[in-house]
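Please look over the structure shown here.

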Amino acid sequence: MNSQVAAVSSPRPRLKGIFLVLIAATLWGVSGTVAQYLFHTQGFSTNWLVVNRLIFSGLGLLFFAQTFKKQNIWSIWKNKQDILRLVIFGILGMFGVQYTYFAAIEYGNAATATVLQYLAPVIIVCYLTFRSKKLPAKNEVMAIGLALFGTFLLVTKGSIHSLSISGSAFTWGILSAFALAFYTLYPGKLLEKWGSLLTVGWGMLIGGIGFSFIHPPWKFQGHWSLSSFIAVVFVIIFGTLIAFFCFMESLKFIGASEASLLACVEPLSAAFLAVAWLQVSFGPAEWIGSFLIITTIFILSGNKR
């Protein structure tokens with residue numbers, strides 16, 4: 001216990017933790033922009049990318065857990081309640097958050113999709129406030145107001161007469177935020193009992209296998225080239241496996257709250273890369289809206305609930 005406290009308080013391990021979470025968040029953000037390239041330039045479909053990302057990433061995480069962490073990956077299947085929770089998490093949580101996010105990118109762009117997904121903390125606050133039957137605190141009201149105004153600027157460029165993104169992109173983006181809220185709240189007991197590697201690894205694999213019955217992983221749509229192949233490998237390996245590993249490793253050196261705040265680099269990296277690489281139109285209103293939405297996370301970071 002004392003050695004752990006000393007490690008966290010030491011400057012070098014803490015800097016290592018910060019560095020790892022920044023790498024993870026950047027890879028997540030870049031992954032979204034790379035997915036946009038696959039959708040808009042190479043003609044890939046959300047269905048194919050999601051089902052293959054879930055299956056291969058799930059297998060990769062479980063292989064890592066079994067081989068390097070020496071965990072028994074089958075132990076989670078011994079309890080009926082855990083099995084039911086895991087199946088629900090895999091289909092509604094893991095598949096839900098992956099599909100809605102990538103659909104928002106396909107119909108819109110990575111920058112807007114990623115920022116809209118970051119409305120999830122505000123949705124969580126609204127849900128917990130409703131469940132506790134208590135009025136929201138002042139900081140929660142402020143966060144909700146900023147999130148709503150930020151969303152308005154992001155999707156309308158400040159004009160009340162039209163949307164700057166398609167209705168489909170906006171709908172999928174909002175659904176992505178709700179899916180992320182569920183993904184965050186639901187698997188608490190699984191994470192506490194089995195850890196993140198087994199929970200997320202099996203969740204991905206279950207979500208991918210479940211969706212395979214609707215869209216088989218071999219049912220391909222798009223254009224294969226060297227660049228598209230590299231992009232797919234990046235999304236699966238760097239944007240999922242390495243990013244997740246870096247984020248989980250960072251929690252050894254810094255707290256979860258600090259890691260979550262630093263992960264706000266994700267929408268910023270997605271926005272900057274989408275503008276610089278894919279020439280996505282992102283004006284002052286969108287930047288201000290994004291800033292306001294991200295600010296809500298800092299406001300809510302001290303919320304005990």
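This is a predicted model: local features need pLDDT of at least 70, side-chain atom pairs count only at pLDDT 80 or more; totals for chains, interfaces and linings use all residues.

The questions below go from the whole chain to single residues.

Q: How many helices and strands does the chain have?
A: Helices (H or I, at least four residues) and strands (E, at least two) are DSSP runs, numbered from the N terminus. The pattern along the sequence is α-α-α-α-α-α-α-α-α-α-α-α-α. The count is 13 helices and zero strands.

Q: Which radius of gyration does the chain have, against that of a compact globule?
A: The radius is taken over C-alpha atoms, and the globule rule is 2.2 Å times the number of residues to the power 0.38. For 305 residues, that rule gives a value near 19 Å, and the chain agrees, at 19 Å.

Q: Is glutamine 36 buried or exposed?
A: Buried means under 20% relative accessible area, exposed over 50%, and partly exposed in between (1.4 Å probe, protein chains only). Glutamine 36 sits in helix H2, residues 11-40. Its relative accessibility is 3%, so glutamine 36 is buried.

Q: Which backbone atom does the side chain of glutamine 36 reach?
A: Contact means heavy atoms within 4.5 Å. Leaving out residues up to four places away in sequence, glutamine 36 touches residues including Ile105, Asn109 and Ala110. At 2.8 Å, its side chain reaches the backbone nitrogen of alanine 110.

Q: Why is the pair of tyrosine 101 and phenylalanine 102 tilted?
A: Rings of Phe, Tyr and Trp (its six-membered ring) pair if their centres lie within 6.5 Å; planes under 30 degrees apart count as stacked, over 60 as edge-to-face and the rest as tilted. The structure holds 26 aromatic pairs. In the pair of tyrosine 101 and phenylalanine 102, the centres are 5.5 Å apart and the planes stand at 55°, so it is tilted.

Q: Are tryptophan 224 and phenylalanine 229 stacked or tilted?
A: Their ring centres lie 6.4 Å apart. Their planes are at 55°, so the pair is tilted.

Q: What is the relative accessibility of phenylalanine 229?
A: Ring pairs link phenylalanine 229 into a cluster with Phe44, Trp48, Phe220 and Trp224. Tryptophan 224 is partly exposed, at 41% relative accessible area. Phenylalanine 229 also counts as partly exposed, at 48%.

Conventions:
Residues are numbered from 1 along each chain as its sequence is written. Side-chain values use heavy atoms; hydrogens and water are left out. A polar contact is a pair of N or O atoms within 3.5 Å; within protein, one must be able to donate a hydrogen and the other to accept it, and residues adjacent in sequence count only if both atoms are side-chain atoms.
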